[in-house]
Amino acid sequence: MPSSAPASQRVRKRFTTGAQRFDDLYEDERLDVRLLRPGLLRRRQLAVDTVTSYREPRVLDVGCGSGRIGELALEAGASHYLGIDFAAPMIELARERLAGFSDRTELILDDFLQTQIEGTFDIVLALGLFDYLPEPAPFVARMFELCAASGCVVASFPAWSAIKGPVRKLRYEWIGHCPIFNYTRPQLERLFGERGFAPVEIQAPGRSGFLLRAWRSSGADTPA
Ligand SMILES: C[S@@+](CC[C@H](N)C(=O)[O-])C[C@H]1O[C@@H](n2cnc3c(N)ncnc32)[C@H](O)[C@@H]1O
């Protein structure tokens, strides 16, 4: 697919052709993979910790991928799990992985911004999603609408770093024709704060990324 194709089409193509390869990263115990991908494990842990901090939460997972985090969220006590992804092979992998939880699980194959979603959620997960979004604000706005009072968004964001930044640019954009974006702390504070989330907690566990939790305090209205 040419680099001139819309960003969302290029992202969908990447995760359509690379679904199994992405899923395999979770099993890869090789040291270089562990060292290169600490973010994958940290964000997973934050998601589980957040699920256990609520009582039987309803969980929405935006860009749920192969259901790896969904599986842990359900094991940790989610009363309902809705996973959305626009790459068909990802949803197929998630369906297989979550088959044992079918009474509490719903999976939708669609674009998050296009699909109809009923109800609100105590936890909205967006892990490894914002990396690929040229316009993150509409995603944050929709997450706010779907977040229950006292609910929380848990999200991960890449940051530019002198070593990983150019490597990711080369691998994703120049070789893989897939857009990739970086974030700064002030940008995240604005993105979530201006939408009405408070408080916004930002952790920088490594140099190459942020983990964020943003709460929708009870009574917060959608800003005009
Ligand atoms: C890096 S994967 C992360 C998967 C999963 N959250 C995890 O951490 O294991 C990002 C996923 O987001 C999905 N995605 C990206 N943009 C999307 C959109 N607009 N609507 C639905 N899914 C989207 C991709 O298809 C891909 O499966």
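Two strands count as paired when DSSP finds at least two bridges between them. Helices (H or I, at least four residues) and strands (E, at least two) are DSSP runs, numbered from the N terminus. Before you start clicking, note that this is a predicted model: local features need pLDDT of at least 70, side-chain atom pairs count only at pLDDT 80 or more, and totals for chains, interfaces and linings use all residues. Residues are numbered from 1 along each chain as its sequence is written.

**Stop 1: β1 and β4.** Select residues 58–62, strand β1, together with β4: the two pair in the parallel sense over three bridges. Now show Val59, which stands opposite Ile123 in β4. Asp61, in turn, stands opposite Leu125 in β4.

**Stop 2: along β4.** Color residues 121–126, strand β4, where six of the six residues are buried. Buried here describes a residue with 20 or more other C-beta atoms within 10 Å of its own, exposed one with 12 or fewer, and partly exposed anything in between, with C-beta atoms placed from the backbone.

**Stop 3: on to β5.** Phe121 has Cys147 in β5 as its bridge partner. Follow the chain from β4 through helix α7 (residues 137–146) to β5: this β-α-β crossover is right-handed (with the strands pointing away from you, the path from the first strand over the helix to the second runs clockwise).

**Stop 4: the whole sheet.** Zoom out to see seven strands in an open sheet of mixed pairing, ordered β3-β2-β1-β4-β5-β7-β6. At the edges, β3 (105–109) and β6 (200–206) each pair on one side only.

**Stop 5: the ligand.** Which residues come nearest to the ligand? Among the 22 residues around the ligand, they are Phe15, Gly63, Gly65, Ala87 and Gly128 (a residue is near a molecule if its C-beta atom, placed from the backbone, lies within 6 Å of it). Next, highlight α1 (7–17), α5 (68–75) and β2 (80–85), each of which supplies at least two residues of the shell. The most comes from α1, with four residues. By class, the shell has 14 nonpolar, four polar and four charged residues; Ala, Val, Leu, Ile, Met, Phe, Trp, Tyr, Cys and Pro count as nonpolar, Asp, Glu, Lys and Arg as charged, and the others, Gly among them, as polar.

**Stop 6: α5.** Stay with α5 and pick out Arg68, Ile69, Gly70, Ala73 and Leu74, which are buried. Finish at Gly77, which follows α5 and has a positive phi, near 115 degrees.
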